[in-house]
Amino acid sequence: MSRSEYEELRWKVRSELDRTLEFWLQHSHDKELGGFFTCLSQKGMVYDDLKYIWLQARQVWTYCRLYRKLARFRRQELLDAAVAGAEFLIRHAAVSADSRKQAFVVTRDGRPVKVQRSIFSECFYTMAMDELWRVTGVRKYQREAAEMMEQVARWVREDPAGLGRPELPGAEAVNSMAVPMMLLCLVDQLGEKDAEVGQRLRDLGAWSVQQILQHLQREDSVVLETVSAEGKELPGSQGRLQNPGHALEAGWFLLRYALKHGCEELKKTAIEKFMILPFEAGWDRQFGGILYFQDVDGHSPTQLEWHMKLWWPHTEAMVAFLLGYQVSRDPRLLQYFKRVFEYAFSHFPDPEGGEWFGYLNRQGTVTHTFKGGPFKGCFHLPRCLYLCETILDNLLEESPES
């Protein structure tokens, strides 16, 4: 690709990131009670003032990462909003004073509404606090991140009792790919330029990689979303389920780990098996875009939304393929990136209001006009755009002048 093509891509990505952040800056801040409104309509109107803890934490992380990494976002309003969001989390995320278990959603003023028996609120809380510490230097936030990281690892690897999951006789223990993916993401986050922490988390990182690789099944021909605790394929529709977006996200997590630790074989596996393989299987050849769920034996998936096109798998694919290309210079990856980029940028953005619509039907028509909801906030899109901008900057530095 020519230098001018790289420059055009970077301009589009950069402009989209600016428009996206402006949407959240204008519409999402709760200046009275702290934190963020995340249920926002197409034009940014708050249609529900419930606050989803994982989205609160994701927005704190996003603001801090952009503030720290991109000079144009080193703005006081971002930092002030991130601090207010973090303090809201410290005050209200825990379901009780004697528990580190966090709510999934709270009222506007912070009273718990719902708890999920999972680790994801706590994981994003850890990411947010660590990133805020890196920006502010305030040790309180570093301690919050470290203590929650220790708790999450204990829940996953030693004793899940604190998550509130009853042990049922018919429920087989499983390895759900989202869990080791999330832990690997946290290891990467907390270990950034910190040799002591990196060493302390080294075993957890290696364990997370091993758990993710168990999802590569059937003689390395499919990436399954859920396998048994022993790393075997499960019976029934649960065992046959594939989520191409999750596999792609796992791919770039694995690739970052492989680069950091000099694992050549893992680099190859990340690209060939967790990027190219699920993408080629998950791309909708009739209408374009990445299918949300698939049954690897070709049965109709039981998830009613299986054929929809969601924003976040496309953002993960863009990061995966552009990072993979930067590392390998494999021209296939650049072509895949451009294919996803062209689909995503022609279907998801709202040219009038900024940000992206999140949900399309199979044919590519918007089905939900809101910009934020219980599962969509200020995270996947800006993270993708920031990472792609950074990678394109690096590629331009390496590209000869023309």
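At 32% relative accessibility, Arg 154 counts as partly exposed, where relative accessible area is classed as buried under 20%, exposed over 50% and partly exposed in between, with a 1.4 Å probe and protein chains only. Its partner Glu 150 is exposed, at a relative accessible area of 51%, and the two form a salt bridge whose closest N and O atoms are 3.4 Å apart. A salt bridge here is a side-chain nitrogen of Lys or Arg within 4 Å of a carboxyl oxygen of Asp or Glu. Both Glu 150 and Arg 154 belong to helix H5 (residues 139-157), where they lie four residues apart, about one turn of the helix. Helices (H or I, at least four residues) and strands (E, at least two) are DSSP runs, numbered from the N terminus.

The model is predicted, so local features need pLDDT of at least 70 and side-chain atom pairs count only at pLDDT 80 or more, whereas totals for chains, interfaces and linings use all residues. Residues are numbered from 1 along each chain as its sequence is written, and side-chain values use heavy atoms, with hydrogens and water left out.

**Salt bridges**

By the rule given above, the count comes to 38 salt bridges. Three of them are set side by side here.

| Pair | N to O distance | Relative accessible area |
|---|---|---|
| Glu 150 and Arg 154 | 3.4 Å | Glu 150 51%, Arg 154 32% |
| Glu 249 and Arg 383 | 2.9 Å | Glu 249 8%, Arg 383 5% |
| Glu 272 and Arg 332 | 2.7 Å | Glu 272 29%, Arg 332 35% |

The side chains of Glu 249 and Arg 383 meet in a salt bridge. Because Glu 249 lies in helix H10 and Arg 383 in helix H14, this pair ties together parts that are 134 residues apart in sequence. Glu 249 is buried, and Arg 383 counts as buried as well.

A salt bridge also links the side chains of Glu 272 and Arg 332. Glu 272 is in helix H11 (residues 264-282) and Arg 332 in helix H13 (residues 331-347), so the pair ties together parts that are 60 residues apart in sequence. Glu 272 counts as partly exposed, and so does Arg 332. Elsewhere, salt bridges that share partners join Arg 65, Arg 68, Lys 69, Glu 131 and Glu 192 into one network.

**Pocket and cavity**

On a 1 Å grid over the protein atoms alone, a cavity is a set of points where a 1.4 Å probe fits but cannot get out, and a pocket is an open set with protein on both sides within 12 Å along at least five of seven lines; lining residues have an atom within 4 Å of a point. Grid points are joined across faces, edges and corners, and a volume is the space filled by probe spheres set on the points.

The second largest pocket holds about 930 Å³ of space. Its lining has 36 residues, of which Arg 65, Asp 188, Glu 192, Arg 256 and Leu 387 lie nearest the centre. Among the elements that give two or more residues to this lining are helix H2 (53-69), helix H6 (178-190), helix H10 (244-261) and helix H14 (380-398). The lining residues divide into 18 nonpolar, eight polar and ten charged, with Ala, Val, Leu, Ile, Met, Phe, Trp, Tyr, Cys and Pro counted as nonpolar, Asp, Glu, Lys and Arg as charged, and the others, Gly among them, as polar.

One cavity of 30 Å³ or more is counted, and the largest cavity holds about 40 Å³ of space. Residues lining the largest cavity include Ser 237, Leu 241, Gln 294 and Asp 295, and the classes in this lining are two nonpolar, five polar and one charged.

The 19 residues of H14 should span 27 Å at 1.5 Å a residue, and the end C-alpha atoms are 27 Å apart, which agrees; the expected span is 1.5 Å times one less than the number of residues. Since 14 of the 19 residues of H14 are buried, this helix is largely enclosed by the rest of the structure. H4 is mostly covered too, with 14 of its 17 residues buried, and Gly 137, whose phi is positive, near 75°, follows H4.

**Cysteines**

The structure holds zero disulfides, a disulfide being a pair of cysteine sulfur atoms within 2.5 Å. The cysteine sulfur closest to that of Cys 123 is in Cys 185, at 8.6 Å, too far for a bond. Cys 123 is buried at 0% relative accessible area, and Cys 185 counts as buried at 13%.
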